[in-house]
Structure formats: C-alpha cells, structure tokens
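Hello,

I am passing this structure on to you. Please look at it first; my notes follow below.

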Amino acid sequence: MDETIKQRSKEVDEKFCSDCGAVIKAKAEICPKCGVRQSAPPGALGSTAANGKSRVAAALFAFFLGGFGAHKFYLGQVGLGVLYLFFCWTFIPALISLIEFILFLTMSDEAFNQKYGNT
C-alpha cells in the first residue's frame, strides 16, 4: 500500500495536532511538525496566553490577594504591583482588584491574550 495513502492510527497516549493533523504525544503543548500551540488539555483551568499566563489564575490572584497587588505582579506589571502594596492599608487596591476580578472572569480568552499575552 502507498505510504501517502496509509494513515497511522493514534495510540492511547497520543492525539492529533489541531492544525496539521499529525499524530503527536497527548501531553505535547506544541506540535513538533508544524509548531502550532495545542489547545489546553481537558480539565485545565482555561487557556494560557503566549507567555504562559492564565486568565483564571489572574482572576484568583485578584480575588484572594488583589489588595496586595499579587495579580499585577503575576501579569508582569511590577510598577502597579508596588503601587498596590504601597496603598494596601487604604483598602482602595482591594476594591479595585475586586472590580478587576470581575473583569477577568467576564473577559474572553482572546481579549486576555491580546492585553496581557505580550509581557
């Protein structure tokens, strides 16, 4: 049988690339054949940006430690994180981070990647 017509079936620990359809390891984040980043595995807490930052993780940081600016440090906005730390005694950063928590939850993954994926 001709090799171009014959297709290899995938094993239990393999999956098909979302772009080129090549058989790759199930845990692969990037296809070794075409270089396209694969979607998040089932059970993951949402997708991640190109720099590895997660929208859900940022939202959780904003909710639980937002008054201290933990979500700003996580997203690479160190200057704003220091500002949050400096004014944490006023509880103003806590109120702002509660609003940012809601914004992170309602923001689409594409909007999050566009805004925070390049840092």
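In which helix is Ile 102 found? Ile 102 is found in helix α4. Helices here are DSSP runs of H or I with at least four residues, strands are runs of E with at least two, and both are numbered from the N terminus. Ile 102 is partly exposed, at a relative accessible area of 47%; buried means under 20%, exposed over 50% and partly exposed in between, with a 1.4 Å probe and protein chains only.

Before the rest, the conventions. This is a predicted model, in which local features need pLDDT of at least 70 and side-chain atom pairs count only at pLDDT 80 or more, while totals for chains, interfaces and linings use all residues. Residues are numbered from 1 along each chain as its sequence is written, and side-chain values use heavy atoms, with hydrogens and water left out.

Overall: the chain has five helices and two strands, in the order β-β-α-α-α-α-α along the sequence. Of its 119 residues, 27% count as buried. The chain exposes about 8,200 Å², and carbon and sulfur atoms supply 65% of that area (Shrake-Rupley method, 1.4 Å probe; for residues, only the protein chains shown count as cover). Of the contacts between residues at least 6 apart in sequence, 32% join residues at least 24 apart; a contact means heavy atoms within 4.5 Å.

Surface patch: Ile 102 belongs to a nonpolar patch of about 1,100 Å², whose other members include Leu 60, Phe 68, Phe 73 and Val 82. Patch residues have over 30% relative accessible area and no salt bridge, with nonpolar side chains (Val, Leu, Ile, Met, Phe, Trp, Tyr) joined within 5 Å and like charges within 9 Å. A salt bridge is a side-chain nitrogen of Lys or Arg within 4 Å of a carboxyl oxygen of Asp or Glu. Helices α1 (55-65), α3 (78-86) and α4 each supply at least two residues of the patch, and α1 gives the most, with five.

Aromatic rings: a search of the whole structure finds seven aromatic pairs. Rings of Phe, Tyr and Trp (its six-membered ring) pair if their centres lie within 6.5 Å; planes under 30 degrees apart are stacked, over 60 edge-to-face, and the rest tilted. One of the pairs is Phe 86 with Phe 87, edge-to-face at 5.0 Å centre to centre and 85° between the planes. Phe 86 is exposed at 58%, and Phe 87 is partly exposed at 35%. Phe 104 and Tyr 116 are also edge-to-face, because their planes stand at 65°, with centres 5.8 Å apart. That pair links helix α4 (residues 92-106), which holds Phe 104, to helix α5 (residues 109-116), which holds Tyr 116, across 12 residues. Both Phe 104 and Tyr 116 are buried. Phe 63, Phe 64 and Phe 101 form one aromatic cluster.

Leaving aside residues up to four places away in sequence, Ala 59 touches Phe 101, Phe 104 and Leu 105. Ala 59 and Leu 105 are 46 residues apart in sequence, but 6.5 Å apart from C-alpha to C-alpha.

One backbone item: Phe 91, in the loop between α3 and α4, has phi near 65°, a positive value in a residue other than glycine. Phe 91 counts as exposed, at 58% relative accessibility.

Regards
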